[in-house]
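Welcome! Have a look at it, then work through each solution step by step.

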Amino acid sequence: MNIILIVGKLISFVKNDDDNILTRTIIIEVPRPFANSNGETENDYFQVELWRGLSEMINDNLPLNSTVAIKGRLQSKGEKNIIIAEKFTFIN
């Protein structure tokens, strides 16, 4: 079973080559739950692909720096992994 759940902050909209509103790619910043050897917390950055209704809703309603929860699946695209969103929730 391929399920992934992340909670993080929207930091960027990725420009699609064809400006197709049916798909939208965003970057989510997710803090790690532990500190590194210097005592600093690091962040991971994930590409999330949204389709159809989710894409339109994000386009119209989601400002940068919003905190969101995303449920989806992990998909391999060549040498890169991307999260395909199935549901998302605004947290703030």
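A residue is called buried when its relative accessible area is under 20%, exposed when that area is over 50%, and partly exposed in between. Keep in mind that this is a predicted model.

**Exercise 1. Trace how the strands pair.**

Step 1. Begin with strand S1 (residues 4-14), which pairs with strand S4 (residues 67-77) in the antiparallel sense over six bridges. Here Ile6 stands opposite Ile70 in S4.
Step 2. S1 also pairs with strand S2 (residues 23-35), again antiparallel, over five bridges. Val14 has Thr25 in S2 as its bridge partner.
Step 3. Move on to S2 and strand S3 (residues 41-51), an antiparallel pair with 10 bridges. In this pair, Ile27 stands opposite Gln47 in S3. The two strands form a hairpin with five residues between them, and Gly39 in the turn has a positive phi of about 80°.
Step 4. Finish with S3 and strand S5 (residues 80-90), which pair in the parallel sense over two bridges. The partner of Glu49 in S5 is Ile84.

**Exercise 2. Find the residues that touch the most other members of the largest nonpolar core.**

Step 1. The core holds 15 residues, and those touching the most other members are Ile6, Ile26, Ile28, Val48, Leu50 and Ile70.
Step 2. Now see where the core comes from: S1, S2, S3, helix H1 (52-61), S4 and S5 each supply at least two of its residues.
Step 3. Take Ile28 as an example. Beyond its neighbours within four places in sequence, Ile28 is in contact with residues including Ile6, Leu10, Phe46, Val48 and Ile70.
Step 4. As background, nonpolar side chains in soluble globular proteins tend to be buried together.

**Exercise 3. Is Glu29 buried or exposed, and which side chain does Glu29 meet in a polar contact?**

Step 1. Locate Glu29 in strand S2.
Step 2. The relative accessible area of Glu29 is 14%, so this residue is buried.
Step 3. Its side chain makes a polar contact with the side chain of Asn43 at 3.3 Å.
Step 4. Leaving out residues up to four places away in sequence, Glu29 touches Gly8, Lys9, Ile11, Asn43, Asp44 and Tyr45.

**Exercise 4. Follow the salt bridges.**

Step 1. The count comes to five salt bridges. In general, side chains of opposite charge can pair when their charged atoms come close.
Step 2. Arg32 and Asp44 meet in one of them, at 2.8 Å from N to O. This pair links strand S2 to strand S3, its members being 12 residues apart. Arg32, Glu42 and Asp44 are linked in a network of salt bridges.
Step 3. Glu49 and Lys77 form another, with the closest N and O atoms 2.9 Å apart. They join S3 to S4 across 28 residues. Glu49 has 9% relative accessibility, so it is buried, while Lys77 is partly exposed at 38%.
Step 4. Lys71 pairs with Glu86, their closest N and O atoms being 3.7 Å apart.

Notes. Residues are numbered from 1 along each chain as its sequence is written. This is a predicted model: local features need pLDDT of at least 70, side-chain atom pairs count only at pLDDT 80 or more; totals for chains, interfaces and linings use all residues. Side-chain values use heavy atoms; hydrogens and water are left out. Two strands pair if DSSP finds at least two bridges between them. Helices (H or I, at least four residues) and strands (E, at least two) are DSSP runs, numbered from the N terminus. Buried means under 20% relative accessible area, exposed over 50%, partly exposed in between (1.4 Å probe, protein chains only). A polar contact is a pair of N or O atoms within 3.5 Å; within protein, one must be able to donate a hydrogen and the other to accept it, and residues adjacent in sequence count only if both atoms are side-chain atoms. Contact means heavy atoms within 4.5 Å. A nonpolar core is a set of buried Ala, Val, Leu, Ile, Met, Phe, Trp, Tyr and Cys residues joined through side-chain atoms within 4.5 Å. A salt bridge is a side-chain nitrogen of Lys or Arg within 4 Å of a carboxyl oxygen of Asp or Glu.
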